[in-house]
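Colleague: I would like to go through this model with you. Could we begin with the charged side chains and then move on to the rest?

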Amino acid sequence: MAPKKNARDRVTTPTPAVAAQDVKMAAPAASFPPAKTSGKASRANWDEVLLNIYQYYMKETPQRTKLIDAFLFFLVVVGGLQFVYCVLAGNYPFNAFLSGFCASVGQFVLAVSLRIQTTTANKSDFPSVSHERAFADFVVCSLILHFFCVNFIN
């Protein structure tokens with residue numbers, strides 16, 4: 001049997017008169033004019049933010065992580081170029097496009113996992129994984145990935 005419903009459980013909808021009063025009361029509070037900023041001031045602010053992020057990254061990030069980040073950027077560029085080539089020139093050997101694009105995406109995922117495992121801030125999440133073991137896992141998984149991609153081309 002279905003449970004009985006109480007009056008407390010019912011959802012009530014406001015009557016149109018009550019809803020109109022709520023709209024009238026809320027309208028003056030929300031009618032503040034938006035703050036205007038000049039284009040140059042906001043651009044300078046964004047430039048400062050990006051400069052601070054870049055300086056912090058260069059100062060605080062270990063060289064190993066910077067190298068992985070450069071490889072990640074390379075993989076994004078390669079995947080993007082393959083996709084643009086497929087759109088512009090066509091995808092006649094479709095298996096080749098799929099294999100190359102999946103290889104770059106798969107390698108990107110493996111490199112991100114390597115970056116996560118070797119970052120010192122995440123050491124508590126991976127207490128039993130050393131940097132050497134993480135890199136060995138990355139190499140083995142990369143070999144398996146590329147083996148399947150090469151076999152997929154035919």
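This is a predicted model: local features need pLDDT of at least 70, side-chain atom pairs count only at pLDDT 80 or more; totals for chains, interfaces and linings use all residues.

Colleague: Which residue meets Asp 69 in a salt bridge?

Modeller: Asp 69 pairs with Arg 115, with 2.4 Å from N to O. This pair links distant parts of the chain, since Asp 69 belongs to helix α3 and Arg 115 to helix α4, 46 residues apart.

Colleague: Is Asp 69 buried or exposed?

Modeller: Asp 69 counts as buried, because its relative accessibility of 17% falls under the 20% limit.

Colleague: What else does Arg 115 touch? I am thinking of the contacts of Thr 65.

Modeller: Arg 115 is in contact with Thr 65. Leaving aside neighbours within four places in sequence, Thr 65 contacts Tyr 57 as well as Arg 115. Thr 65 sits in helix α3 and is buried, with a relative accessible area of 6%.

Colleague: Which residues form the remaining bridge?

Modeller: That bridge joins the side chains of Lys 59 and Glu 60, at 4.0 Å from N to O. Lys 59 is exposed, because its 64% relative accessibility is over the 50% limit. Glu 60 is partly exposed, with a relative accessible area of 44%.

Colleague: Let us turn to helix α5 itself. How many residues does it have, and what is its reach?

Modeller: Helix α5 covers residues 131-153, which is 23 residues. From first C-alpha to last it reaches 33 Å, close to the 33 Å expected at 1.5 Å a residue.

Colleague: Which of its residues are buried?

Modeller: In α5, the buried residues are Ala 134, Phe 138, Ser 142, Leu 145 and Cys 149.

Colleague: What covers them?

Modeller: The cover includes α3, residues 63-89, and α4, residues 94-118.

Colleague: Changing topic: how many aromatic pairs does the structure hold?

Modeller: It holds 6 aromatic pairs. In one of them, the ring centres of Phe 94 and Phe 97 are 6.1 Å apart and the planes are at 40°, so the pair is tilted.

Colleague: Which residues do ring pairs link into a cluster?

Modeller: The cluster consists of Phe 83, Phe 94, Phe 97 and Phe 101.

Colleague: Now the surface. Which residues make the nonpolar patch of about 420 Å²?

Modeller: That patch is made by Trp 46, Val 49, Leu 50 and Ile 53. Val 49 is found in helix α2, residues 39-60, and it is partly exposed, with 33% relative accessibility.

Colleague: What does the accessible surface of the protein come to?

Modeller: It comes to about 12600 Å², and 69% of that belongs to carbon and sulfur atoms. Of the 154 residues, 17% count as buried.

Colleague: Finally, the overall architecture. How many helices and strands are there?

Modeller: The protein has 5 helices and 0 strands. From the N terminus on, the order of the elements is α-α-α-α-α.

Colleague: And what share of the contacts joins residues at least 24 apart?

Modeller: The share is 66%, taken among contacts between residues at least 6 apart in sequence.

Methods. Residues are numbered from 1 along each chain as its sequence is written. Side-chain values use heavy atoms; hydrogens and water are left out. Helices (H or I, at least four residues) and strands (E, at least two) are DSSP runs, numbered from the N terminus. The expected span of a helix is 1.5 Å times one less than its number of residues. Buried means under 20% relative accessible area, exposed over 50%, partly exposed in between (1.4 Å probe, protein chains only). Contact means heavy atoms within 4.5 Å. Rings of Phe, Tyr and Trp (its six-membered ring) pair if their centres lie within 6.5 Å; planes under 30 degrees apart count as stacked, over 60 as edge-to-face and the rest as tilted. Patches are made of residues with over 30% relative accessible area and no salt bridge: like charges are joined within 9 Å, nonpolar side chains (Val, Leu, Ile, Met, Phe, Trp, Tyr) within 5 Å. Accessible areas come from the Shrake-Rupley method with a 1.4 Å probe; for residues, only the protein chains shown count as cover.
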